[in-house]
Amino acid sequence: MTVEGTAARKPRRSSKRTSASGTKAAGAQGGAEPQLVQLLTPEGERVQHPEYDIDLSPEELRGLYRDMVLTRRFDAEATSLQRQGELGLWASLLGQEAAQIGSGRALRDDDYVFPTYREHGVAWCRGVDPTNLLGMFRGVNHGGWDPNSNNFHLYTIVIGSQTLHATGYAMGVAKDGADSAVIAYFGDGASSQGDVAEAFTFSAVYNAPVVFFCQNNQWAISEPTEKQTRVPLYQRAQGFGFPGVRVDGNDVLACLAVTRSALERARRGEGPTLVEAFTYRMGAHTTSDDPTRYRHDDERAAWEAKDPILRLRTYLEKQGHADAAWFEELEAESEALGKRVREAVRAMPDPDHLAIFENVYADGHTLVDEERAQFAAYQASFADADGEVK
């Protein structure tokens, strides 16, 4: 079934608020509020949908739950490590686990992923070791994994640029005659970037096998969606000539079903699809952000009731698909993951201080050589009599 959002939010001082479904009043949009695909309600009730449905075994359902729990545990540990000074920055995915795990588990091994800097759950699905994600945030590397080993590109900090990379890669896939698909992740804020519009144009014109997966978490740092667009994001696809669909981003089953359908459509040569996963960023944009300065507590409380992990646990318990012993075992696994992440981060060796000068130019450069020598002399000035850096 399709369901409309509920639970209107408290009015803001400076502008009209969106409802909990993420749209303004019908009159402001020129029509009724958009509907979204949902297969599992916030109360843990299973519902059907005429176009998007999925039949999963108890083992598969437990697997999705495990993925979300362990991803959230890793994310919480990374946030704590940043607060302890072990990481320079961290971008939390709290609240977006269903969107990432659902879409990530819809992928085939030969599909290729272009993430932003928040796709920790998708990285988990692609088999990237969680500790490898932390090297960049600790400042010891530029990305700790080989993209071609897991078909998972390095994190992209520049907002929206990965959609162009994904489109170009997908155009190449089509020219090679492969039946694999490409998926590009971005947020509601990135949808305002010109790069995203250009990616939409090229993918539509060249019928590229790419899925644009927008995690609409309601806030582009401190800017609400209502200040970014006058129409629901998924409807933008119509102007470029390909379909768009809004899915309940806190429903892992719906995210899996919708993304799987979009990927299959791409593989059949039917071109791109825009999936808008309607979710909510429960925490700060990054650990340098303070969301209490621009968001109300009641807004977060309304979304806590839609927690993606809680609703799947409720369903598992109602159906008898998991017992207390299984949940306890998963909790122990979760704690073990947290410990492994802590130990791995603290054991990461510092990089060679001069490594930043490598690969700036393919054949070297006189100015870079001079800068390297100056920096080496500066570093040496801190060394004690034994040659150790103080």
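**Aromatic pairs and a helix crossing**

Trp145 and Tyr155 are both buried (buried is under 20% relative accessible area and exposed over 50%, with partly exposed in between, for a 1.4 Å probe and protein chains only). The model is a predicted one, so to speak of local features takes a pLDDT of at least 70 and side-chain atom pairs count only at pLDDT 80 or more, while totals for chains, interfaces and linings use all residues. Residue numbers start from 1 along each chain as its sequence is written, and side-chain values rest on heavy atoms, with hydrogens and water left out.

Back to the rings: the structure has 25 aromatic pairs (rings of Phe, Tyr and Trp, the last by its six-membered ring, pair if their centres lie within 6.5 Å; planes under 30 degrees apart are stacked, over 60 edge-to-face, and the rest tilted). Trp145 and Tyr155 make an edge-to-face pair, at 5.5 Å centre to centre and with 80 degrees between the planes. Trp145 sits in the loop between α5 and α6 (147-150) and Tyr155 in the loop between α6 and α7 (161-176), so this pair ties together parts 10 residues apart in sequence. Helices here are DSSP runs (H or I, at least four residues), as are strands (E, at least two), numbered from the N terminus. Ring pairs also join Trp145 and Tyr155 with Phe74, Trp90, Phe137 and Phe152 in a cluster.

Tyr185 and Phe213 form a tilted pair, 5.2 Å centre to centre with 55 degrees between the planes. Tyr185 belongs to strand β4 (residues 182-187) and Phe213 to strand β5 (residues 210-216), so the pair ties together parts 28 residues apart in sequence. Tyr185 is buried at a relative accessible area of 0%, and Phe213 is buried at 0% too.

Gln162 is buried, with a relative accessible area of 1%. Leaving out residues up to four places away in sequence, Gln162 touches Phe114, Pro115, Thr116, Thr156, Ala184, Tyr185 and Phe186 (contact means heavy atoms within 4.5 Å).

As for helix packing, α5 (residues 130-138) and α13 (residues 324-346) pack at an angle of about 40 degrees, with axes 10 Å apart (axes are lines fitted to C-alpha atoms, for helices over the stretch in contact, and angles run from 0 to 180 degrees between N-to-C directions). That makes α5 oblique to α13 (under 35 degrees is roughly parallel, over 145 roughly antiparallel, 65 to 115 roughly perpendicular, and the rest oblique). On the α5 side, the contact involves Pro130, Thr131, Leu134 and Arg138, and on the α13 side Leu337, Arg340, Val341, Ala344, Val345 and Arg346.
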